[in-house]
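Subject: The model, and what turned up in it

Hi there,

Here is the structure I promised to send over. Have a look at it first, and then read on for my notes.

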Amino acid sequence: MKTKLQNGVRGALTLLVFALIFTAMMAGTYALTRDIVANNERKAKVALIAQVLPAGSFDNDILQAAIPQDAATLKQLNSEAGSQIYRAQRAARTVAVVVETIAPDGYSGKIKLLVGVGLDGRVLGVRVIAHKETPGLGDYIDVAKSAWIKQFDGKSLTAPQAGEWKVKKDGGEFDFIAGATITPRAVVKAVKNTLDYVEKNHVNLFGI
């Protein structure tokens, strides 16, 4: 009985030692890689934002210049808590903004977007950053699958006119793929909604 108890205690102590060593190793690894991981995440986000802006168009730390979306903005843009608006600056002057927004009415749910808008109110670029649209059908909104999303480049609230901010099936300007109109309708609506927001808040966003 005494031997069994001693063996049990010895086994428990062995497990405890291994647990402490493992915890220390994990903590050490985290401490060593934390800054590297954070830096890689930062670079990845800047690279993603840069996709909706002309190359070399800004010289500031665009993440540092981010504006948190307040409650009213979150509601207007259908965004989620923590969403940002990034100000692209050149020589300390804001020349464009990149807006995190959501098309809430995609075929399979929310479609998260980044929309770049220039000082003149024109779309500089749009990218889908998350969606659940049907693979092989509604996923053509992803720039990795097709160039469909690039048709927004250069568009504004006046070009096309307000009544033409629709897919062609509905009498509008924008292309779509037959059998998958719900997805592009949602994106078109969200991009126009973003342009409306930027126009109404132009002074606050650009300082002009």
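By contact I mean heavy atoms within 4.5 Å. On that basis, residues 24 or more positions apart account for 48% of the contacts in the chain with a separation of 6 or more.

Some ground rules before the details. This is a predicted model, in which local features need pLDDT of at least 70 and side-chain atom pairs count only at pLDDT 80 or more, while totals for chains, interfaces and linings use all residues. Residues are numbered from 1 along each chain as its sequence is written, and side-chain values use heavy atoms, with hydrogens and water left out.

Now the overall layout. The chain has four helices and five strands, where helices (H or I, at least four residues) and strands (E, at least two) are DSSP runs numbered from the N terminus. Read from the N terminus, the order of elements is α-β-α-β-β-β-β-α-α. Of the 208 residues, 37% count as buried; buried means under 20% relative accessible area, exposed means over 50%, and partly exposed is in between (1.4 Å probe, protein chains only). The accessible surface comes to about 11,900 Å², with 59% of this belonging to carbon and sulfur atoms; the areas come from the Shrake-Rupley method with a 1.4 Å probe, and for residues only the protein chains shown count as cover.

Next, the strands. Two strands pair if DSSP finds at least two bridges between them. Strand 1 (residues 66-68) pairs with strand 2 (residues 84-90) in the antiparallel sense over three bridges, and Ala66 stands opposite Tyr86. Strand 2 also runs antiparallel to strand 3 (residues 93-106), joined to strand 3 by six bridges; here Ala88 has Ala96 as its bridge partner. Strands 2 and 3 form a hairpin with two residues between them, and Ala91 in the turn has a positive phi of about 55 degrees.

A pair of aromatic rings is described by the distance of the centres and the angle of the planes. Rings of Phe, Tyr and Trp (its six-membered ring) pair if their centres lie within 6.5 Å; planes under 30 degrees apart count as stacked, over 60 as edge-to-face and the rest as tilted. The structure holds five such pairs. Tyr140 and Trp148 are edge-to-face, because their ring centres are 5.7 Å apart and their planes stand at 85 degrees. Trp148 and Phe152 are edge-to-face too, with centres 5.5 Å apart and planes at 80 degrees. Tyr140 is buried at 5% relative accessibility, Trp148 is buried at 8%, and Phe152 is buried as well. Ring pairs link Tyr140, Trp148, Phe152, Trp165 and Phe174 into a cluster.

Which residues does Arg122 contact, leaving aside its neighbours within four places in sequence? They are Gly116, Val117, Gly154, Lys155, Ser156 and Ala159. Arg122 is in the loop between strand 4 (109-118) and strand 5 (123-130), and is partly exposed at 37% relative accessible area. The C-alpha atoms of Arg122 and Thr158 are separated by 9.3 Å, although the two are 36 residues apart along the chain.

Lastly, Met25 lies in helix 1 (residues 2-50) and counts as exposed, with 54% relative accessibility.

Best wishes
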